[in-house]
Amino acid sequence: MNVAARQMGQTAARLRFENIRHGYDHRDVISDVTLEAHPGEVLCLLGPSGSGKSTLLRIAAGLEMPRGGRLLIDGATVAGAGAFLPPEKRGIGLMFQDFALFPHMTVIANVAFGLAHLPKLKQVEAAREALFRVGLAGYEGKYPHMLSGGEQQRVALARALAPRPAVLMMDEPFSGLDARLKDQVRADTLAILRESGATVIIVTHDPEEAMGMADRIALLKDGALVQQGTPHDLFVHPETLFAASFFSEINILPGVVEGGSLMTPLGAMAISRPDGPVTIAVRHSDIRVLSHQTDGAIAAEITGRRYLGTAEHLDLQVDGHHIRARIGAGLLQKGAVRVFVEVAPQSILVFENPDQTS
Ligand SMILES: Nc1ncnc2c1ncn2[C@@H]1O[C@H](COP(=O)(O)OP(=O)(O)OP(=O)(O)O)[C@@H](O)[C@H]1O
């Protein structure tokens with residue numbers, strides 16, 4: 001926790017999901033998730049629609065009682081095993097996707113909403129301070145409709161931070177914003193979150209957002225935890241094809257290991273792995289496209305070309321396989337048909353056969 005946060009009397013909590021199971025009606029939607037958010041870190045719950053991210057958030061906040069497992073805050077069970085601590089006693093702040101501001105209330109009244117337990121004067125003081133923290137001092141008397149999307153987001157953030165939660169949870173906090181605003185609002189929000197010192201859990205389906213904000217990412221699929229680690233871990237060492245394809249566009253191709261060599265349609269490399277068929281994945285951006293032959297490069301034919309401004313997408317036929325490459329625009333001459341492709345050995349991700357798709 002940083003000094004500013006300590007001075008403000010805020011403590012960050014450790015939040016642990018332990019073998020959590022949950023479902024709706026007769027359908028299981030969370031199966032045996034064990035996951036910890038460490039004090040003061042930003043943890044992103046990442047996954048496609050329906051993977052159970054919001055359900056985990058709702059369980060942590062106390063809006064759902066898990067069907068199995070336990071939820072612990074700083075080692076104390078707050079849900080499961082016969083325990084249930086009500087939401088308002090958990091020290092958890094929630095910020096919703098649509099900001100959920102009250103349109104008929106002023107900015108300061110919106111921010112003070114979660115401070116009803118304090119005397120009136122203290123409420124105003126804490127709300128003003130929260131607005132100052134998000135850079136909105138002077139906005140107290142305005143109404144939500146008078147603010148831009150980015151400003152509304154910051155009011156919602158101030159409201160979530162005002163009670164000094166030990167854990168702050170945000171469900172798709174940037175999805176309502178204009179694409180051009182998002183980068184700046186994300187950067188500003190991250191700085192404010194860091195300064196608050198709280199443990200932060202952000203739900204998102206956007207891998208770029210998770211990579212840019214998280215200390216750690218928990219990747220979910222169909223209600224199960226697929227992999228957790230730093231953004232770098234997940235990007236460079238995905239354990240499954242699902243994880244690899246979630247972070248970047250990839251080519252999936254067959255390969256075979258024989259006597260310490262891996263043979264693929266994109267070339268061969270030394271490998272320490274038992275003999276047998278494997279599946280390989282190569283990111284579109286890791287395919288180098290050359291106009292002339294070099295040592296180890298493989299002949300390819302361009303079958304499609306799409307100009308995207310700063311980059312180009314190429315469709316290629318290589319040894320009977322269709323592959324895609326993303327290259328910098330202007331690197332390849334107009335009208336090129338026959339080219340050569342090469343891939344650095346460290347850019348070839350190898351997975352067991354049959355596919356590790358889950
Ligand atoms: N109140 C509910 N009643 C019935 N089913 C629900 C309810 N809430 C969620 N579900 C189902 O549970 C599964 C997980 O939903 P959840 O909202 O947790 O996923 P998510 O990863 O947050 O998805 P999204 O990104 O679309 O919000 C989905 O199949 C969803 O349809």
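Biologist: Which residues of α4 are buried?

Modeller: Gln-123, Ala-126, Ala-127, Ala-130 and Leu-131 are the buried residues of α4. They cover an arc of only 140 degrees around the axis, which puts them on the same side of α4. The arc is taken over the directions from the helix axis to the C-beta atoms. Buried means that 20 or more other C-beta atoms lie within 10 Å of the residue's own; exposed means 12 or fewer, and partly exposed is in between, with C-beta atoms placed from the backbone.

Biologist: What should I know about the model itself?

Modeller: This is a predicted model: local features need pLDDT of at least 70, side-chain atom pairs count only at pLDDT 80 or more, and totals for chains, interfaces and linings use all residues. Residues are numbered from 1 along each chain as its sequence is written.

Biologist: Back to α4. Which exposed residues sit on the face turned away from its buried side?

Modeller: Leu-121, Lys-122 and Phe-132.

Biologist: And what do the buried residues of α4 pack against?

Modeller: They pack against α3 (107–112) and α5 (149–161). Contact means C-beta atoms, placed from the backbone, within 7 Å. Helices are DSSP runs of H or I with at least four residues, strands are E runs of at least two, and both are numbered from the N terminus.

Biologist: Then α5. How many of its residues are buried?

Modeller: 10 of its 13 residues are buried, so α5 is mostly covered. Among them are Gln-152, Arg-154 and Leu-157.

Biologist: What covers them?

Modeller: The cover includes β7 (92–95), α3, α4, β8 (167–171) and α6 (179–196).

Biologist: New topic. Which residues are around the ligand?

Modeller: Tyr-24, Val-29, Gly-47, Ser-49, Gly-50, Ser-51, Gly-52, Lys-53, Ser-54, Thr-55 and His-205. Each has its C-beta atom, placed from the backbone, within 6 Å of the ligand.

Biologist: Which helix gives the most to that shell?

Modeller: Helix α2 (residues 53–61), with three residues.

Biologist: How does the shell divide into nonpolar, polar and charged?

Modeller: Two are nonpolar, eight polar and one charged. Here Ala, Val, Leu, Ile, Met, Phe, Trp, Tyr, Cys and Pro count as nonpolar, Asp, Glu, Lys and Arg as charged, and the others, Gly among them, as polar.

Biologist: Last one: what domains is the chain divided into?

Modeller: Domain 1 (15–242) and domain 2 (251–352). Those bounds come from an automatic or database domain assignment. Taken over C-alpha atoms, the domain centres are 40 Å apart. The chain has nine helices and 21 strands.

Terms used: Two residues are in contact if their C-beta atoms, placed from the backbone, lie within 7 Å.
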